Amino acid sequence: MMRIFAMNRWLGWLCLALLSFALWLVVNAPMDYQQGNSVRILYIHVPSAKMALGIYLALTLFSIWYLWKKSETADILVEASAPVGAAFAAVTLASGSIWGKPMWGTWWVWDARLTSMLVLLILYMGLIAVRNGLDDPTKAARATAILAIMGAVDLPIIHFSVVWWRTLHQPPSFGQSTAGPAISGPLLPPLLWMSLAFLLLGAYMVLLKAREIQGRRTLERIETERNIHV
């Protein structure tokens with residue numbers, strides 16, 4: 001894991017360069033004929049939503065890895081992923097509300113997509129609360145992993161909600177619609193580049209948090225051993 005941490009600085013610089021380029025594309029993208037400049041909010045909203053789901057999927061796999069192998073690396077990645085995923089879920093809901101007010105005339109509706117995304121944010125917050133609420137690290141790791149796996153049932157509900165139910169939320173921007181991407185033409189490249197930049201940003205933030213967690217646990221072990229020998 002130390003090798004991965006050593007690469008994190010380069011990942012950060014790559015992420016910064018890619019994010020700068022993607023934002024330049026967003027600024028210079030044309031307005032949508034229906035949404036006007038409000039379409040630029042989707043360049044934040046859509047990648048954030050993809051990352052909120054992607055990080056939870058990774059967190060679920062880390063949880064299975066932990067329960068199977070009792071790997072501390074897996075547990076560190078679970079703990080590091082939760083706050084990062086929660087941040088992306090919060091940005092998704094906030095940017096969606098900002099976009100929804102001029103487009104739908106309301107900040108919020110109990111739509112299937114919106115509600116299931118809110119459940120995902122609550123799941124992330126629940127994982128953080130369980131982790132911090134248990135004093136025994138082993139019990140906290142096991143409880144967090146089990147809750148994460150149980151919560152994964154929300155992922156297909158979010159992903160297919162606009163297909164399974166008639167909702168106010170528009171069809172997928174890309175990657176799911178059988179009729180092709182909802183955002184196309186000159187509006188599509190900025191979205192693809194922002195999605196790639198957010199992917200690197202999410203990986204960078206998780207690794208940065210994982211490094212902090214590993215350092216804290218190492219200090220706690222040193223402190224415990226010192227107290228034993230005093």
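# Notebook: core, rings and charges

I started with Leu120. Leaving aside neighbours within four places in sequence, I found Leu120 in contact with Ala52, Leu53, Tyr56, Asp154, Leu155 and Ile158. Contact here means heavy atoms within 4.5 Å.

A note on the source. This is a predicted model, where local features need pLDDT of at least 70 and side-chain atom pairs count only at pLDDT 80 or more, while totals for chains, interfaces and linings use all residues. Residues are numbered from 1 along each chain as its sequence is written, and side-chain values use heavy atoms, with hydrogens and water left out.

**Entry: the core**

Next I looked up the largest nonpolar core. A nonpolar core is a set of buried Ala, Val, Leu, Ile, Met, Phe, Trp, Tyr and Cys residues joined through side-chain atoms within 4.5 Å. Buried means under 20% relative accessible area, exposed means over 50%, and partly exposed lies in between (1.4 Å probe, protein chains only). The largest core has 49 residues. Tyr56, Met117, Leu120 and Tyr124 have the most contacts inside it.

Which helices supply at least two residues each of this core? I listed α1 (2-28), α2 (42-69), α3 (72-104), α4 (112-133), α6 (154-164) and α7 (188-229). Helix α3 gives the most, with 11 residues. Helices (H or I, at least four residues) and strands (E, at least two) are DSSP runs, numbered from the N terminus.

**Entry: the rings**

I searched the whole structure for aromatic pairs and got seven. Rings of Phe, Tyr and Trp (its six-membered ring) pair if their centres lie within 6.5 Å; planes under 30 degrees apart count as stacked, over 60 as edge-to-face and the rest as tilted.

Phe21 and Trp24 are a stacked pair, because their ring centres are 6.4 Å apart and their planes are at 20 degrees. Both sit in helix α1, three residues apart, so about one helical turn separates them. Phe21 is partly exposed at 37% relative accessible area. Trp24 is exposed at 52%.

Trp108 and Trp110 pair edge-to-face, with 5.3 Å centre to centre and 85 degrees between the planes. Trp108 is partly exposed at 26%. Trp110 is exposed at 66%.

I also noted one aromatic cluster formed by Phe21, Trp24 and Trp193.

The charged end of Lys69 sits over the ring of Trp68, 4.5 Å from its centre. The rule is NZ of Lys or CZ of Arg within 6 Å of the ring centre and within 35 degrees of the ring normal.

**Entry: the salt bridges**

Side chains of opposite charge can pair when their charged atoms come close. A salt bridge is a side-chain nitrogen of Lys or Arg within 4 Å of a carboxyl oxygen of Asp or Glu. How many did I find in the whole structure? The search gave 10.

Arg217 and Glu79 form one of them, at 2.8 Å from N to O. Arg217 lies in helix α7 and Glu79 in helix α3, so the pair ties together parts 138 residues apart in sequence. Buried or exposed? Arg217 is buried, and Glu79 is buried too.

Arg216 bridges to Glu212, with the closest N and O atoms 4.0 Å apart. They are four residues apart in helix α7, so about one helical turn separates them. Arg216 is partly exposed at 30%. Glu212 is partly exposed at 39%.

Glu223 and Arg226 meet at 3.8 Å, N to O. Last, I traced a network of salt bridges that share partners, which joins Glu72, Asp75, Glu79, Arg131, Lys209, Glu212, Arg216, Arg217, Glu220 and Arg221.
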